[in-house]
Structures are given as C-alpha cells and as structure tokens.
Amino acid sequence: MDERKRAEEHLRVIRTLMERATIYRAISAPTALVGSILALALSATVWVREHHWAANAPAVMRHISARRFASLWLGALAIVIGVNTFFVWRQAQRDGRPFISPSLKLALRSILPCLVFPAAVTIWFFCDGYEFDNELLLVRIWIAFYGLSLIATQHFAPRSLVLLGWGFLLTGAGMTVATRQLEYYATPLVPNLAMGFSFGLYHLVYAMCVWNSPVRPGSE
Amino acid sequence: MPDFDKLDKVIHEKGRLSIMTLLATRPAWSFQDLKAELNMSDGNLITHLRTLHKFGLVALTKEIRERPQTSYALTGKGRLAFKEYLRVLEQIVKAGRK
C-alpha cells in the first residue's frame, strides 16, 4: 500500500471513529416511523370510539376514563421503547460494537434527567390527578419534556433530532399559552389530538426526512 | 511534495491512531469505554496506551470509586501532535490527487 492510500485509509479511520464517538442518534428513523404509525393509529382509535359513543350515549360526558387514556399512551410508549431497543441492538450487532456503548451511556445520561419530572407527574396523575380530568396538563408535560430530552442530546445528536425536540417543546409551550381555549373542548379529545399530532405527525415527518440520509456532523 | 518523515511514527499506527482519535473527541475516556468502543483486547490496548503515555501524548488519571478506574486524556503535546499528524496526512492525500 503506497503512502497516499495509507493516508486515505487512516483519514477514513479517523472520520469513522470521530463520527461514532461524537454523533449518536437516540431515535432511529425506523423507530420514529413505528412510533408515528402507532401514535396516529391510537389517536384515531380513541377519536372514533369517543365519537361513536357520543352518538349512541350522549348523556355520558366521556367514555374513555382519564386513567385508561393515560394507560393506552403509556402502553404505546412501552412498545416504542421496545422497538427502539431492538433497532439499537441490531445496529450495534451490525457494527460489531457492544449494545451498551459509551455513546448509549452518554445519551441516557443526557436524557434521563429530563424524564424525572414527567415521570413524577404521571405517577401523580394515576394517584390523584385523574379525578379532575387533567389529561391536558399531563399531555403538555409529556410533549414539552420529551422535546427537552431530545434537545439535551444536542452535543452529539444530528441537527434533525434537535429540531424535532424544538418542535415538541414549542408545541408544549403553545398548548400552555392556549390552555383556556383548549380546555373549552371536551376531554379527552384535545389531549388525544395533541398526542396524535405531535407524536404521530412530527415523528412521521422526521422519519421521512432522515430515512436515507447518512449522519454527518452539523448536517440534516 | 509532502515530507513523509514528518508523520509522527508513534501515532502512525492504526491502533494508536484510533485511541488518539477517540481521546480527541472528549475530555477523558475510561479504559473500559475505550476497550468497548475500539473492540481491542486488554493487552493490546494497554500496550498502545503505555506507548502513547511514554511519549507524553496521553495522560492518565487513577480514581478509586467503587473500584479503581483509570481514565485517559490527551496532553497538550498530544493534542498538538494529533493536529499536526492530521495536517500532514491531508497534505499527502492532496499531493497524491494532483
């Protein structure tokens, strides 16, 4: 191997290692696609069921209880976490790297603090919060803090993921500003639409945008 | 024409180059994380780290938390040497394309 080829090979090694060590996509495009389909399907199901029962039993204010609403979305979250874990594991196998890589540990260290507060609010919701139909508050917290957790990875995530995070954060903030207007409508329709719109549509757009794009520093 | 002799011979080895590259990305790396990322054996990794340390390119810190942990970082000299190595490498590639 002549010196130029060797130099090119070494530059390739440097580039690959730098990208692997400094860029980590916490949510892959396939995960985003699965998450979006699941969120849209769940949101549509809740919407249809509520309308069906509203037509058949209009005297009843709501047909899906607050706890059931939250349970359904937490179930969807559990499925998406499982799917994401599988994709991360499969990618690690393909790359010949350990599943619990330094990059994964760094991502978890960045994301987990942002999830403590929404976790606490969710526990409160199941214990007491459900009594006052507080889904709108719960959903705002989920959306905003999910956005924050994505933004927390900005030092090593591709820019597209950070933009996705800003989309969620601004949606959560906007919903807080418009609380009075949103509370006018029957619950759980607005919280359900907000979940379907943000977790469904945003992830769908993200998945389509990054499906074939390679990860490059400062790109996307 | 670039001078190949300017290439730092300590860094110009794939294993040590990989270590230097990772150390350039973060302030410090633990031995276990380096091993996991590079998929090297303990013996191989420690030999390369000792070489880099001997030439003053890498500093090591030993901490005792729940168990002893050694972390590695580039020294100022190491960072400069890595930058210079990259510069010469780019010159070689550019010269070859002309």
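**Helix packing, sheet and contact between the chains**

User: In this predicted model, at what angle do the axes of helix H1 (residues 14–25) of chain B and helix H3 (residues 42–54) of chain B cross?

Analyst: The axes of H1(B) and H3(B) come within 10 Å of each other. Angles from 65 to 115 degrees count as roughly perpendicular, so H1(B) is roughly perpendicular to H3(B). The crossing angle is roughly 75 degrees.

User: Which residues of H1(B) meet H3(B)?

Analyst: The residues of this contact divide into 3 nonpolar, 4 polar and 1 charged. On the side of H3(B), the partners are Asn44(B), His48(B), Leu49(B), Thr51(B) and Leu52(B). From H1(B) come Gly15(B), Arg16(B) and Ile19(B).

User: What is the order of the strands in the open sheet of chain B?

Analyst: Strand E1 (residues 29–30) of chain B pairs with strand E3 (residues 68–74) of chain B in the antiparallel sense over 2 bridges. Strand E2 (residues 58–64) of chain B is joined to E3(B) by 7 bridges, and these two strands also run antiparallel. E1 and E2 of chain B each have a single partner strand, so they stand at the edges. The order of the 3 strands is E1-E3-E2.

User: Which residue of E3(B) stands opposite Leu60(B)?

Analyst: E3(B) has antiparallel bridges to E1(B), and Ser30(B) stands opposite Ser71(B) in E3(B). E3(B) is also joined to E2(B). Opposite Leu60(B) stands Tyr72(B).

User: Which helix packs on the sheet, touching E1, E2 and E3 of chain B?

Analyst: The direction of this helix makes about 90 degrees with that of E3(B). It is also the helix whose axis crosses that of H3(B) at roughly 75 degrees. The helix is H1(B).

User: What is the arrangement of the elements of chain B from the N terminus on?

Analyst: Chain B holds 4 helices and 3 strands. Of its 98 residues, 28% count as buried. Among its contacts with a separation of 6 or more, 56% are between residues 24 or more positions apart. The elements run α-β-α-α-β-β-α.

User: Is Asn39(B) buried or exposed?

Analyst: Asn39(B) is found in the loop between helix H2 (31–38) and H3 of chain B. Its phi is near 60 degrees, a positive value in a residue other than glycine. Most residues other than glycine have a negative phi. With 12 other C-beta atoms within 10 Å, Asn39(B) is exposed.

User: How many helices are there in chain A?

Analyst: Chain A has 0 strands, and its elements run α-α-α-α-α-α-α-α from the N terminus on. Buried residues make up 32% of its 220 residues. Residues 24 or more positions apart account for 77% of the contacts in chain A with a separation of 6 or more. The number of helices is 8.

User: How far apart in space are Ile37(A) and Leu201(A), C-alpha to C-alpha?

Analyst: Ile37(A) lies in helix H2 (residues 29–56) of chain A. Because it has 14 C-beta neighbours inside 10 Å, Ile37(A) counts as partly exposed. In sequence, Ile37(A) and Leu201(A) are 164 residues apart. In space, their separation is 8.7 Å.

User: Which helix gives the most to the side of chain A that touches chain B?

Analyst: The contact takes 17 residues from chain A and 15 residues from chain B. One helix of chain A gives 12 residues to its side. By class, that side of chain A has 9 nonpolar, 4 polar and 4 charged residues. The helix is H1(A), residues 3–22.

User: Which element of chain A has the lowest mean pLDDT?

Analyst: The model scores ipTM 0.74 and pTM 0.68, and the mean pLDDT is 84 for chain A and 86 for chain B. Among the elements of chain A, helix H5 (residues 135–151) has the highest mean pLDDT, 94. Over residues 215–220 of chain A the pLDDT is below 50. The element with the lowest mean, 78, is H1(A).

Notes:
Residues numbered from 1 in each chain as written. Chains lettered and ligands numbered in written order. Predicted model: local features only at pLDDT ≥ 70, side-chain atom pairs only at ≥ 80, totals over all residues. pLDDT = per-residue confidence, 0-100. Contact = placed C-beta atoms within 7 Å. Nonpolar A, V, L, I, M, F, W, Y, C, P; charged D, E, K, R; others polar. Axes fitted to C-alpha atoms, helices over the stretch in contact; angles between N-to-C directions. Parallel < 35°, antiparallel > 145°, perpendicular 65-115°, else oblique. Buried ≥ 20, exposed ≤ 12 C-beta atoms within 10 Å, placed from the backbone. Pairing = 2+ DSSP bridges.
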